[in-house]
Amino acid sequence: MKRTLKVALGLLLGLVALLLLIIALLGSMNWNQAKPWISEKVSQATGRSFSIDGDLSLQWEKPGQQQEGWRRFISWPHLRVQGVTVGNPEWASTGPTMARIEQIDVTLNPLALLQKRIHISSLKVSAPELVLERDKDGRNNWTFTKKDEEPSNWKLELDNLMLDRAKVRLVDATKHADVTATVDSRTDGEEGINWKLAGEFDGEKVSGGGKAGALLSLRERGVEFPIDAEVVVGDTEINAKGTLTEPAHLSALDLQLNIKGASMALLYPLTGILLPETPKFSTSGRVVGTLGADNTKLRYEKFVGRVGSSDIGGTLEYIHREPRPLLSGDVTSKNLKIDELTALFGPKNEEREKRGIKVKQPPDKVLPVTPFQTDRWNKVDAQVRFTGQKIIRAESLPLDNVSATVEMKNGILTLAPLKFGVAGGQITSQLQIDSTSKPVKAQMTMTARRLKLKQMFPKVQSMRASFGEVNADAKLTGAGNSFAALLGSSNGEVKSVVTEGSISKVILEAMGLNLGSVVVAQLFGDRQVQLNCMAADFAVTDGLMQTKTFVVDTQDATINVDGKVNFAKEALDLNIKPESKGVRIISLRSPLYVSGTFKDPDVGVDKGAVAMKAGAAVVLGTAVAPLAALLALINPGPGEEAPCPALLAQAQKKPEAPPPGKSARSNN
């Protein structure tokens, strides 16, 4: 046993002596002679040019971390490399050099190499100049692993990182970005770094800056990394202040985030999240969650802000998942200005021009022709509920509230349902736009129920005792890459009924229906007329809306309307034929026409019909008394009984529409 113990002890002492000899040799050798060999091996491994142009030295130090047992006696190598240059791939447009580094100091744990771990205790990089580039095909210069190369079994572990006078330039053709960041140690006595940002992003000027904690203890659990940053991209300003726990794992983010800008839609290049066009906005809230390559989960909780003149608040959550991330949550507006909802369908022309967006809307067209940006619809899924509690509105829009569930899934946008409280009743619609088909396909259903006439016109004295209600249904489908194209190809039906009300130019002007007020002025002058009922039934085929039934029954006459409205050409072609009730001499004796375009409609008297009646009066005047000649200008009409029951029954049938992209003609 004694002999065996002596042999074992001798072997151990021999190994220790050999290790000390190796350490001594490594510490005393001239490492500069190894630079060509190191450069060649690195170039072969990365496929890039690599060179060490300055001094290369190695020293042995005490372990950088507290070690236990015999490990505390093992010295750790400290490698210093000066003048490092790393080349770019051949396709790079930023030049032949990816990185230049004045000096690198690395302290390495040698025992970790036995476990295929490159454990770097500390890494200090002095005066690095780094260019990161991604081309329009998605290739980047910071990925060194070849496509046919299997992942390495070695793991890289970095404890402490320090940057001194760093300069990083990012050139990204996919986002039209060319941004440079400079990072340096703090000079205000506090441990940490300062950074500045300048350049261009998506055609907008970029500036910003801030401060952060020292890039130390990257692997230590529970360490909070302070962040204080401000970034300005064009008209968008972002301020963030808070902490990032465990920076090496990009987890436990907790920030106070303030954002303001010209439109939420402009956040897409920065966030990758598709948001609607809005007026100027600002929000402030807390962002909490975790970050990671495959497990990012962020929540913008209890945020408050303004969009135009409206307030907003709520909580939104972003979850990374495959094949697309998900945005969900609730947004509420306590005081919503209804005019600002129109921005959801695209900004006004003057706003687009200010932002440098080319306006393609023809001057003689009303329906928007701007193409849908459907290339972004499949980048993210969404399920967001919106509620507008109190509506700030013009007097002509008696709205009470609005609610909508917005869903984006697999490139299909759905509003189901979209509800408005209107005049004691409700308008409910469902809209679906499918961007996966070319052209885009859409389908829409709408119902209006129990809209009270007296609440629609509260300032009209004669309407206060009215029990009349408005009910309507519509179902349309279409295919096209803009709202104008969808309506220009639409198919379906539109039905509407009104009971027990009154009609006047004053009411129609209160509704903002200028065309209708002109028609009523021609028919009735400017007086109030009792409305027994109105029934309208339209068939829409390939963008052409034609009347099947359109009757207005008043105390004085029954008015029939027939003709068509061409959405593709934005053209009007309607004939209005009043029939007097009983033998009365009233002003309702001449048909009217409505023609022209949506932009410039024309309302007038059918002169041909007037001439025919005038001719009949001349003939009769030669044979009978002058009083009898007036009968030719009077329509006897269908009698005093109103045709409302039959009309209402017909108009209240459910509308139908063919599948999107199919013509109604093929169903006939």
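1. Let's start with Asp178, which counts as partly exposed at 31% relative accessibility (buried means under 20% relative accessible area, exposed over 50%, partly exposed in between, with a 1.4 Å probe and protein chains only). Its side chain meets that of Arg169 in a salt bridge, 2.9 Å from N to O (a side-chain nitrogen of Lys or Arg within 4 Å of a carboxyl oxygen of Asp or Glu). Arg169 is partly exposed too, at 30%.

2. A word on what you're looking at: this is a predicted model, where local features need pLDDT of at least 70 and side-chain atom pairs count only at pLDDT 80 or more, while totals for chains, interfaces and linings use all residues. Residues are numbered from 1 along each chain as its sequence is written, and side-chain values use heavy atoms, leaving out hydrogens and water.

3. The structure holds 19 salt bridges. One of them joins the side chains of Arg134 and Asp172, at 2.6 Å from N to O. Arg134 sits in strand E5 and Asp172 in strand E7 (residues 166-172), so this pair ties together parts that are 38 residues apart in sequence (strands, E, are DSSP runs of at least two residues, numbered from the N terminus). Asp172 is buried, with a relative accessible area of 5%, whereas Arg134 is partly exposed at 27%.

4. Next, have a look at Lys260 and Glu237, whose side chains meet in a salt bridge of 3.8 Å, N to O. Lys260 belongs to strand E13 (residues 251-261) and Glu237 to strand E12 (residues 236-245), so to speak distant parts of the chain, 23 residues apart. Lys260 is partly exposed at 42%, and Glu237 is partly exposed at 28%. Elsewhere, Asp254, Arg286, Arg299 and Glu301 are linked in a salt-bridge network.

5. Strand E4 is worth a visit: 9 of its 12 residues are buried, so the rest of the structure largely encloses it. E4 pairs with strand E3 (residues 76-87) in the antiparallel sense over 9 bridges (two strands pair if DSSP finds at least two bridges between them). Arg80 has Asp105 in E4 as its bridge partner. E4 and E5 also run antiparallel, joined by 9 bridges, and Ile101 stands opposite Pro128 in E5.

6. Now for the inside. The largest nonpolar core has 78 residues, and Val331, Val402 and Phe420 have the most contacts inside it (a core is a set of buried Ala, Val, Leu, Ile, Met, Phe, Trp, Tyr and Cys residues joined through side-chain atoms within 4.5 Å). Strand E25 (residues 529-541) gives the most to this core, with 5 residues. A second, separate core of 17 residues includes Leu56, Val81, Val84 and Ala99.

Notes. Helix = DSSP H or I, 4+ residues; strand = E, 2+ residues; numbered from the N terminus.
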